[in-house]
Amino acid sequence: MDFKETQAIYLQIVDLVCDHIVTGKWKAQERIPSVRELGVQLEVNPNTVMRAYDYLQAREIICNKRGVGFFVTEGASKQITESRREEFVGTELPDIFRRMSLLAIPIELVVVEYEKYKAGNNS
């Protein structure tokens, strides 16, 4: 995985795990890779993965079944989606609207481009 320098690695791992959950790659109640397994896959220190897993446990996205491993919690996908939606609407969308206003981009153009995007990505 190529990590960005603008964000802590453990938070990028959090995003990756959340992406896997939201896309259905890792389903509710399923075991996810161990700290060591994911550390090897991502070529990072297991302590960094553990920090990401601790963060996700605190938010009840994953849980640790002692001696068995980490599992995706029931409702994690919905929780992630709602949280990301709130963050997007509250943080990113105002910046997008500001730039649209500065560049005089009408909302109709955005709607057309979004429909093209959806059609091209079979969403």
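Colleague: At what angle do H2 and H3 pack?
Modeller: This is a predicted model, where local features need pLDDT of at least 70, side-chain atom pairs count only at pLDDT 80 or more, and totals for chains, interfaces and linings use all residues. Residues are numbered from 1 along each chain as its sequence is written, and side-chain values use heavy atoms, leaving out hydrogens and water. The axes of H2 and H3 (lines fitted to C-alpha atoms over the stretch in contact, with N-to-C angles from 0 to 180 degrees) lie 8 Å apart. Their packing angle is about 120 degrees.

Colleague: Are H2 and H3 oblique or perpendicular to each other?
Modeller: Angles under 35 degrees count as roughly parallel, over 145 as roughly antiparallel, 65 to 115 as roughly perpendicular and the rest as oblique. H2 and H3 pack at about 120 degrees, so the pair is oblique.

Colleague: Which residues of H3 make the contact with H2?
Modeller: Contact means heavy atoms within 4.5 Å. H2 brings Val35, Leu38 and Gly39. By class, this contact has 6 nonpolar, 1 polar and no charged residues. From H3 come Pro46, Val49, Met50 and Tyr53.

Colleague: And H1 with H3: how are they oriented to each other?
Modeller: The axes of H1 and H3 (residues 46-58) come within 8 Å. They cross at roughly 60 degrees, and H1 and H3 are therefore oblique.

Colleague: How many charged residues does the contact of H1 with H3 have?
Modeller: H1 contributes Ile9, Tyr10, Leu11, Ile13, Val14, Val17 and Cys18, and H3 contributes Thr48, Val49, Arg51, Ala52, Tyr53, Tyr55 and Leu56. By class there are 12 nonpolar and 1 polar, while the charged count is 1.

Colleague: Is glutamine 12 buried or exposed?
Modeller: Glutamine 12 sits in H1 (residues 9-22), a helix (a DSSP run of H or I, at least four residues). Not counting residues up to four places away in sequence, glutamine 12 touches Met1, Asp2, Phe3, Lys4 and Gln7. Its relative accessible area is 4%. Because under 20% counts as buried, over 50% as exposed and in between as partly exposed (1.4 Å probe, protein chains only), glutamine 12 is buried.

Technical notes. Helix = DSSP H or I, 4+ residues; strand = E, 2+ residues; numbered from the N terminus. Nonpolar A, V, L, I, M, F, W, Y, C, P; charged D, E, K, R; others polar.
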